[in-house]
Amino acid sequence: MLLCANCIKVSRMAVGYPLSCQPAHVLACRPSRPEPFQSGDALYNYMTAESPFVAVDGSLGENSSSAAAGFQAAVQLRLQHYDTFSSAHGSGRSEAIAGVSGAWSTPLNVTELRDAFMPAQPEYLQKPHTVFEYIRDHLGYRLQVVTASYSITPFIEHNISFNAMISNFGFSAPVNIRYAYLVLLERNGDEAKETDPVLFVSRIKTCDPRVWHPYLLNDPEYVISQHPINHYAPLPGQVSGKAVWLGLHLTSYGGPPMARSAYTAVKLANGDMHWWTDSAGRGGVNIIG
């Protein structure tokens, strides 16, 4: 990652076989050298072009204590779609940590953030954050349901139609496969409870979170994109006449849905959205309504 142009150390790797069955491999690793790692540098340009499509990781440089280092790091992390980040690799760890405790602990400047077209949900900016907290909260993906609606057709043609728009306020799209499911729970009260039975689960086969990039690539203003989810499915008879909770389940587990720990599922960044699991901690459903 970039804390200043001359102290970057980066490694980029494809992990988890995101789009093919190729072994994980390092795409590029910049050794220490005096030349700046910045726009115009061949490796920098190569990394920028490829970064939306692979996992990206990096670490602090040894000289990271300038006042602007923290925010400039965030700009670089957004540009090159960082998924994970380490405090330091190898030598220079103590110096790097000292840099974090200084530059990165400064308060986040909201005006500076907006002027740089950096991603942030309006509700996120209602509370004060440090630069470190901002980077921590936006590495990888940060998915939010922007709008959602559904309708159930009763009686003979017992079907459900679900439509939603998802935005990604993180630095990158999900790298690994995430299977999307529409979930209906029996509604018993004002809030979904772990004892509420699962009535219906339907795979949303047209939904691939790996294409949920934060913005259109090469957009100079980094306008946050909206990604549609549209799903239509017949409902079983046991749903008829029952009040339901509707939820979205995004999981990395390719077996039977709702069968694994909620740790395998994605929790959306909607602050007011209830996160449902069963009494054994399985599932992980974002309750939309």
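Start by selecting Arg282, which is partly exposed because its relative accessible area is 38%. Keep in mind along the way that this is a predicted model.

Arg282 and Asp278 form a salt bridge, and their closest N and O atoms lie 2.9 Å apart. Is Asp278 buried or exposed? With a relative accessibility of 13%, Asp278 counts as buried.

Next, select Asp208 and Arg210. Here too the side chains meet in a salt bridge, with an N to O distance of 3.0 Å.

For the next stop, pick Glu186 together with Lys242. The closest N and O atoms of this salt bridge are 3.9 Å apart, which still counts because the cut-off is 4 Å. Lys242 is partly exposed, at a relative accessible area of 38%. How many salt bridges are there in total? The count is four.

Finally, go to Ser225, in the loop between strand S7 (198-203) and S8. Ser225 has a relative accessible area of 12%, so it is buried. Show its surroundings: leaving aside residues up to four places away in sequence, Ser225 touches Ile166, Ser167 and Asn168, as well as His213, Pro214, Tyr215 and Leu216.

Conventions
Residues are numbered from 1 along each chain as its sequence is written. This is a predicted model: local features need pLDDT of at least 70, side-chain atom pairs count only at pLDDT 80 or more; totals for chains, interfaces and linings use all residues. Side-chain values use heavy atoms; hydrogens and water are left out. Buried means under 20% relative accessible area, exposed over 50%, partly exposed in between (1.4 Å probe, protein chains only). Helices (H or I, at least four residues) and strands (E, at least two) are DSSP runs, numbered from the N terminus. Contact means heavy atoms within 4.5 Å.
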